[in-house]
Amino acid sequence: MTATNGKGKIRYAVVGLGWFAQEAALPSFANADNSELVALVSDDPTKNEELSKKYGIQHTYSYEEYEDCLASGEIDAVYIALPNHLHCDYTVRAANQAIHVLCEKPMAVTEQECEAMIKAASDNNVKLMIAYRLHLEEANLQAVEIVRSKQIGEPRIFNSVFTQQVEEGNIRLRDVTGGGTLYDIGIYCLNAARYLFQDEPIEVFAVAANNGEQRFSEVEEMTSLILRFPNERLATFTCSFGGASVSTYQIVGTQGDLRVQPAYPWQGEIKHYLTINGETQERTFEGHDQLAAEFTYFSDCILEDKDPEPSGTEGLIDVSIIQALYQSIETGKPVQIQTSTRHQRPTSDQTIERPPSDEKPDLIHAAAPSGQ
């Protein structure tokens, strides 16, 4: 299916209008030439009314009216920014109506849900992409190239810290919605270890800690873990909802190391600190509109009938590893795993740069995880 508006643009409905959708996704359509925002889906009438006015959108729907949106003939694709436990249902329903799906990560909460999403997309011949925006981002893709080129020798160690304060009441602290540190922020560290080592872990071990605050009554405050990769390489990281804002990773090879900081932001500049034989080079990558890059890439895949690189399989692998990590936390023992084989991994060829948006949107009935 291609867009029917005569402009070669893919028409999107954004489903779920929380903080990230409002702050990052909605403004970015202005920087995605082949993508057009035409519909909003939310159960908050104020969000629908005010955001549709702001962005000049004619069509708004409640969640109960989602099927009407899918069958309306107004859209070609959905961008799903709902709580994690709803990703599967809303993806499968879209695919069954022949609508393409760009779904936020984590793909879903269980492997079974991920498999159902992949099957629905395949059965209905629609594109399914999981929103790993860093697979299109220059600083992370250049990190991949530095490791692949053996500038730091053989990569042996990956280490990362990704922490932030999440205020009480935030959806990330709810168990029923698929919250928790690993699904929300640990997935970035996990995915980075995989794309830097260009491989899949074979054994995992994790421990969780909790300082007993009321806000952490349903999910862990923080998690530390070890991933064993083939050829005896180790990845470790700690993620937390109760620490100051830190976002960094380091990959250490036999002849040097690369530190990336901040490692996982959706906006702003990213720095590389590359040390080889005791000499450190610093490189700054300018900030870009990562969501616009994502929409541009996915729309291009639809228009040119290409398979998106952060595929359903990519999403499934991360979710299966996260499930094994939670199993390790429960049992106190390492868990051996076997994941699907990946034949395609992100490379610098996928870099897409779009100018950053200067806009700082006023949020409607939404707040950042920290409440700031």
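A crossing of two helices is termed left-handed if the near helix is turned anticlockwise from the far one by less than a right angle, and right-handed if clockwise. By this criterion the crossing of helices α7 and α9 is right-handed. The structure is a predicted model, in which local features need pLDDT of at least 70 and side-chain atom pairs count only at pLDDT 80 or more, whereas totals for chains, interfaces and linings use all residues. Residues are numbered from 1 along each chain as its sequence is written, and side-chain values use heavy atoms, with hydrogens and water left out.

Helices (H or I, at least four residues) and strands (E, at least two) are DSSP runs, numbered from the N terminus. Helix α7 (residues 181-197) packs on helix α9 (residues 312-331) at an angle of about 115°, the axes being 10 Å apart. Axes are lines fitted to C-alpha atoms, for helices over the stretch in contact, and angles run from 0 to 180 degrees between N-to-C directions. Residues of α7 in this contact (heavy atoms within 4.5 Å) include Leu 182, Tyr 183, Ile 187 and Leu 190, which meet a set in α9 that includes Ile 317, Ile 321, Leu 325 and Tyr 326. By class, the contact comprises 9 nonpolar, 3 polar and 3 charged residues. Here Ala, Val, Leu, Ile, Met, Phe, Trp, Tyr, Cys and Pro count as nonpolar, Asp, Glu, Lys and Arg as charged, and the others, Gly among them, as polar.

Tyr 326 lies in α9 and counts as buried at 19% relative accessibility; buried means under 20% relative accessible area, exposed over 50%, and partly exposed in between (1.4 Å probe, protein chains only). Beyond its neighbours within four places in sequence, Tyr 326 contacts Gly 180, Thr 181, Leu 182, Tyr 183 and Glu 220. Its C-alpha is 8.6 Å from that of Val 207, a residue 119 places away in sequence.

A nonpolar core is a set of buried Ala, Val, Leu, Ile, Met, Phe, Trp, Tyr and Cys residues joined through side-chain atoms within 4.5 Å. The largest has 85 residues, of which Val 78, Leu 227 and Tyr 264 touch the most other members. Helix α7 supplies the largest share of this core, 12 residues. Excluding neighbours within four places in sequence, the contacts of Leu 227 include Leu 190, Ala 193, Ile 321 and Leu 325. A second, separate core of 32 residues includes Val 14, Ala 32, Leu 37 and Ala 77.

Helices α1 (residues 19-28) and α8 (residues 290-303) pack at an angle of about 55°, with axes 8 Å apart. This angle makes α1 oblique to α8, since angles under 35 degrees count as roughly parallel, over 145 as roughly antiparallel, 65 to 115 as roughly perpendicular and the rest as oblique. Phe 20, Ala 24, Ala 25 and Ser 28 of α1 meet Leu 291, Ala 292 and Phe 295 of α8; these divide into 6 nonpolar, 1 polar and no charged residues.

Most residues other than glycine have a negative phi, and most peptide bonds are trans. The bond from Lys 105 to Pro 106 is cis, with omega near -5°, and a cis bond also joins Gln 261 and Pro 262, with omega about -10°. Lys 150 has a positive phi of about 65° and is partly exposed, with a relative accessible area of 40%. Asn 277 has a phi near 50° and counts as exposed at 68% relative accessibility.
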